[in-house]
Amino acid sequence: MALAETIGTESGENAKKSSKMVLILSVVLCVAGGGLGFFALSSGLVPIGNAVPQETESYDEVIPLANVAFVEIPTLIVTLPPGAKNDHLRFTGLIEVPSEHQGDVEFLMPRIQDVLNGYLRALTIEDIEGPGALFKIRLQLFRRIVVVVGLGKANGLLVTEFILN
């Protein structure tokens with residue numbers, strides 16, 4: 001009986017080992033197949049639906065940029081409210097404008113600075129240190145810039161410096 005028991009346990013161990021090997025091999029093959037499929041689709045080897053493979057553009061070609069200019073906002077340093085983790089906020093940015101309106105926006109820079117200064121000084125601790133603070137502040141600053149310069153004269157606000165110290 002001892003021989004029958006040892007044969008039974010050996011075949012059980014071999015079955016467990018082979019089932020683990022099949023599982024590992026199938027996972028490896030699935031990952032490899034997924035990677036190859038992704039490569040084939042992303043490189044255009046396999047077209048999707050009615051998509052026609054497009055030729056790649058040469059890096060030697062110069063693509064003309066939109067007719068835009070950037071107007072610098074001089075650095076603003078604002079004292080933060082009592083209780084904030086930091087004492088000062090240092091802000092610098094650029095206003096993206098259509099080239100034909102660059103002179104108008106530069107002329108109005110003192111008003112823009114005044115409006116931005118007023119808004120930044122009115123911020124609360126929660127406004128500055130809360131989640132998504134920079135995104136919300138940028139939207140509010142841009143809204144105020146558009147009010148000063150007029151619709152269509154500013155495309156966006158780029159924050160180049162936003163330092164709390």
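I started with helix H5, residues 133-149: its 17 residues reach 24 Å from the first C-alpha to the last, close to the 24 Å expected at 1.5 Å a residue. A reminder to myself that this is a predicted model.

Next I looked up which residues of H5 are buried. They are Ala 133, Ile 137, Leu 141, Ile 145, Val 146 and Val 149.

Then I asked what the buried residues of H5 pack against. I found three strands, S1 (68-79), S2 (88-98) and S3 (156-164). I also found helices H2 (102-107), H3 (109-121) and H4 (125-129) on that list.

I checked what comes after H5, and it is Gly 150, with a positive phi near 105°.

On to the sheet. I see three strands in an open sheet, ordered S1-S2-S3, with antiparallel pairing. The edge strands are S1 and S3, each pairing on one side only. From one strand to the next, I noted a twist that averages 15°.

I took a closer look at one pair: S1 and S2 are joined in the antiparallel sense over ten bridges. For Val 78, I looked up the bridge partner in S2 and got Leu 89. Helix H3 packs on the sheet too, where it touches S1 and S2, and its direction makes about 45° with that of S1.

Last, I came back to H5 to see how it sits on the strands. H5 lies across S1, S2 and S3, and runs at about 130° to S3.

Technical notes:
Residues numbered from 1 in each chain as written. Predicted model: local features only at pLDDT ≥ 70, side-chain atom pairs only at ≥ 80, totals over all residues. Heavy atoms only, no water. Helix = DSSP H or I, 4+ residues; strand = E, 2+ residues; numbered from the N terminus. Expected span 1.5 Å × (residues − 1). Buried < 20%, exposed > 50% of the residue type's maximum accessible area, 1.4 Å probe, protein only. Contact = heavy atoms within 4.5 Å. Pairing = 2+ DSSP bridges. Axes fitted to C-alpha atoms, helices over the stretch in contact; angles between N-to-C directions.
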